Amino acid sequence: MKFSIIYEAQMVDTSRANEQAVFLQIVEQAKLAEQMGFDCIWCVEHTALTQYAHMSAPETVLAFIAGATSRIHVGHGVVCLPPAMNHPVKVAERIATLDILSQGRLHFGVGKGGTEQEAGTFGYSLAELGPMIDESMYLIPKIMVQDEIEHDGQYIKIPKRPIHPKPYQDPHPPMYMACTREATLTAAGSRGIGALVLGFSGPEEIAKKNAIYREAFRTRKPEDQVGFRPTEHLAALCAATVLDDREKARKIGLRGQRFFAESIAYWYQGGPRPTVDDDLTAEDHAKVLEQGKQATIAYLSEEAIPVGDEHLSNYTVAQDAYGTPDDCIRYVQRLADAGADEILFIFQMGGIPHDVIMESIRNIGEKVIPHFRAKALAAE
């Protein structure tokens, strides 16, 4: 089991001073994560999505983190591949360069972005992106491996050129897809690459998605393989606030999840602007989400973020990772039982303070990760 953190650079306060503070806090958190035994720092890529995600240049953030650390891996979760946004030649060059400088610590996910807001920024309609993403996805690993590349495709045309440098990892870093729907899970499995399940679907849905992905991977055809390095790996998102004070963790975590959900609803579905209310209890936040479900329920592609009764009171069996380290252990175990190979912790949801994130990282590093490492050793 791998333990990682994924970042959106999400924020309530979008002032220049706070925006700068958030990015510097991400670096500080990543450095602590390395000390605490985490495996990878992942960064998304979004453009023009105020508050929801200010992580528009993940290649820069990941390079800075790689330079500030020595062991922890870094990952694109994911690079958006519309050619006018990220031309495949430039993607291949950046991936290879960072892989060299990090000495093989890079992971490379691909996708298309999720909103018309982003697609339109670069002159596209979201509905037209699928085929050009596929073309670029198959092309990039060839660029990283071949001495010269020449390509005359429907969307991308490259005259015969040598492209440098080549990656540190041979033949190239492991590849992944962002997966929210059954179709993308099937695509990732059938193409022999890892699946980053970036939704809030919970253990039961993760188990269903895991079955779809594993079957597609098992029955894949050689001609459908993306790249030259088959990677069977499912990483599952886990929103978490892990403190010694359970009620404080629940209040802060649910408030952050509410902001996250409402932010997606705003950009993906045209919902109202997200809100933050510090006067509400954890139960209050859960009830607001439940009462306004039709207005605030948010989707990553077609996947709903659960916002209902599962958060209210039942900690006999952990229903989320908002709580104590023991609560987190119980929930992570359910994700592992569902088939997850990697836990993608997301701490930085709207309004969750830096010191709370640092405490969550420390608690997971001192109590949660050692629990699972010891369990794995005992099973050998």
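In this predicted model, the buried residues of helix α11 are Pro 325, Asp 327, Cys 328, Ile 329, Tyr 331, Val 332, Gln 333, Arg 334 and Leu 335. The helix covers residues 325–337, and the distance from its first C-alpha to its last is 18 Å, close to the 18 Å expected for its 13 residues at 1.5 Å a residue. Gly 339 follows α11 and has a positive phi, near 115 degrees.

Helix α8 spans residues 246–269. Of its 24 residues, 17 are buried, so α8 is largely enclosed by the rest of the structure. Its end C-alpha atoms lie 33 Å apart, which agrees with the 34 Å that 24 residues should span at 1.5 Å a residue. At the start of α8, the backbone nitrogen of Glu 247 has a side-chain oxygen of Asp 245 within 3.2 Å. The helix is followed by Gly 270, with a positive phi near 75 degrees.

| Helix | Residues | End-to-end C-alpha distance | Expected span |
|---|---|---|---|
| α11 | 325–337 (13 residues) | 18 Å | 18 Å |

Tyr 168 is located in the loop that lies between β6 (157–161) and β7 (175–179). The relative accessible area of Tyr 168 is 48%, so this residue counts as partly exposed, the class between the under 20% of buried residues and the over 50% of exposed ones.

Methods. Residues are numbered from 1 along each chain as its sequence is written. This is a predicted model: local features need pLDDT of at least 70, side-chain atom pairs count only at pLDDT 80 or more; totals for chains, interfaces and linings use all residues. Side-chain values use heavy atoms; hydrogens and water are left out. Helices (H or I, at least four residues) and strands (E, at least two) are DSSP runs, numbered from the N terminus. The expected span of a helix is 1.5 Å times one less than its number of residues. Buried means under 20% relative accessible area, exposed over 50%, partly exposed in between (1.4 Å probe, protein chains only). A polar contact is a pair of N or O atoms within 3.5 Å; within protein, one must be able to donate a hydrogen and the other to accept it, and residues adjacent in sequence count only if both atoms are side-chain atoms.
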